[in-house]
Amino acid sequence: MKVPHLVSAGLSFLMILIAVFFGSNIYRANENRFITHLNEMDRISYYGIADIPALTQKAVVFTFPLILTIFILTTYILIKKPFRIVRNIAFGNMVISTIIIVLSLLVFNDPITFDFSLWGYVWITMGIILIAGNILSVFIKKST
């Protein structure tokens with residue numbers, strides 16, 4: 001039963017990478033307004049401030065299928081795993097996945113208020129916790 005844990009950890013890592021990519025692009029787009037003249041001289045092109053809502057929605061579109069798959073795998077682990085400790089960790093991972101799903105819906109519906117450069121940290125930190133929970137669950141052998 002190690003495969004669902006490892007797949008879930010891998011998907012969480014991929015979700016973190018996507019969140020870091022879009023979060024850094026959105027952060028640079030926010031900071032670009034102060035140094036536009038320097039970027040034009042050096043021929044460096046970042047996204048503009050007008051592109052931030054579109055980038056925010058792209059980030060949610062790319063991460064939502066991953067977190068939905070993680071939620072389904074966590075539900076499967078919660079149902080099939082007989083050990084109490086692993087079930088508790090899976091329940092915690094399910095709560096974290098639910099938080100990310102709710103924030104994904106909020107960010108997708110209102111990308112201006114819920115800017116991904118701020119809320120993307122939630123994806124990153126919760127993704128790290130999901131990875132840690134799944135990797136820890138792989139090494140648990142018996143119920144205590």
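Trainee: Is Phe-22 buried or exposed?

Mentor: In this predicted model, Phe-22 is buried, with a relative accessible area of 6%.

Trainee: How many aromatic pairs does the whole structure have?

Mentor: The search over the whole structure returns 2 aromatic pairs. In the one formed by Phe-21 and Phe-22, the ring centres are 5.2 Å apart and the planes stand at 75°, so this pair is edge-to-face. A pair of aromatic rings is described by both the distance of the centres and the angle of the planes.

Trainee: Which residues do the ring pairs link into a cluster?

Mentor: The cluster consists of Phe-21, Phe-22 and Phe-62, linked through ring pairs.

Trainee: OK, stepping back, what helices and strands does the chain have?

Mentor: The protein chain has 5 helices and 0 strands, and read from the N terminus its elements run α-α-α-α-α. Of the contacts between residues at least 6 apart in sequence, 78% join residues at least 24 apart.

Trainee: What share of the residues is buried?

Mentor: Buried residues account for 42% of the 144 residues in the protein chain. The accessible surface of the chain comes to about 8200 Å², and 72% of that surface belongs to carbon and sulfur atoms.

Trainee: Where is confidence lowest, and where is it highest?

Mentor: The mean is lowest in helix H2, residues 36–42, at 58, and highest in helix H4, residues 84–109, at 91. For the protein chain as a whole the average pLDDT is 84, with 84% of the residues scoring at least 70. Where pLDDT is low, the predicted coordinates should not be read in detail.

Trainee: Let's look at H4 then. How many residues has it, and how far does it reach?

Mentor: H4 has 26 residues and reaches 38 Å from its first C-alpha to its last, which is close to the 38 Å expected at 1.5 Å a residue.

Trainee: Which residues of H4 are buried?

Mentor: The buried residues of H4 include Val-86, Ile-89, Asn-93, Ser-97, Ile-100 and Ser-104, and the buried residues of this helix pack against H1, H3 and H5.

Trainee: What does the largest nonpolar core look like?

Mentor: That core has 28 residues, and those with the most contacts inside it are Met-15, Phe-22, Ile-67, Ile-100, Phe-116, Trp-123 and Leu-130. The elements giving two or more residues to this core are helix H1 (2–31), helix H3 (52–80), H4 and H5. There is also a second, separate core of 7 residues, which includes Ile-77, Val-86, Ala-90 and Met-94.

Trainee: Switching to Leu-118, is Leu-118 buried or exposed?

Mentor: Leu-118 counts as exposed, at 61% relative accessibility, and this residue is found in helix H5. Although Leu-118 and Gly-23 are 95 residues apart in sequence, their C-alpha atoms are 7.9 Å apart in space.

Trainee: Gly-133 next: where is Gly-133 found, and what does Gly-133 touch?

Mentor: Gly-133 is found in helix H5 and counts as buried, at 9% relative accessibility. Not counting residues up to four places away in sequence, Gly-133 touches Ile-89 and Asn-93, both of which are among the buried residues of H4. Gly-133 and Val-86 are 47 residues apart in sequence, with 8.8 Å from C-alpha to C-alpha.

Trainee: What about Ser-137, buried or exposed?

Mentor: Ser-137 counts as buried at 2% relative accessibility, and it lies in helix H5, which covers residues 116–139. Beyond residues up to four places away in sequence, Ser-137 touches His-5, Val-86 and Ile-89.

Trainee: Last one, Ser-12: where is Ser-12, and is Ser-12 buried or exposed?

Mentor: Ser-12 has its place in helix H1 and counts as buried, at 0% relative accessibility. With residues up to four places away in sequence left out, Ser-12 touches Ile-70, Gly-127, Leu-130 and Ile-131. Of these contacts, Leu-130 is one of the residues with the most contacts inside the largest nonpolar core.

Key
Residues numbered from 1 in each chain as written. Predicted model: local features only at pLDDT ≥ 70, side-chain atom pairs only at ≥ 80, totals over all residues. Heavy atoms only, no water. Phe/Tyr/Trp six-rings, centres within 6.5 Å; stacked < 30°, edge-to-face > 60°. Buried < 20%, exposed > 50% of the residue type's maximum accessible area, 1.4 Å probe, protein only. Helix = DSSP H or I, 4+ residues; strand = E, 2+ residues; numbered from the N terminus. Contact = heavy atoms within 4.5 Å. Areas by Shrake-Rupley, 256 points an atom, 1.4 Å probe, with all protein chains shown as cover. pLDDT = per-residue confidence, 0-100. Core = buried A, V, L, I, M, F, W, Y, C linked by side-chain atoms within 4.5 Å. Expected span 1.5 Å × (residues − 1).
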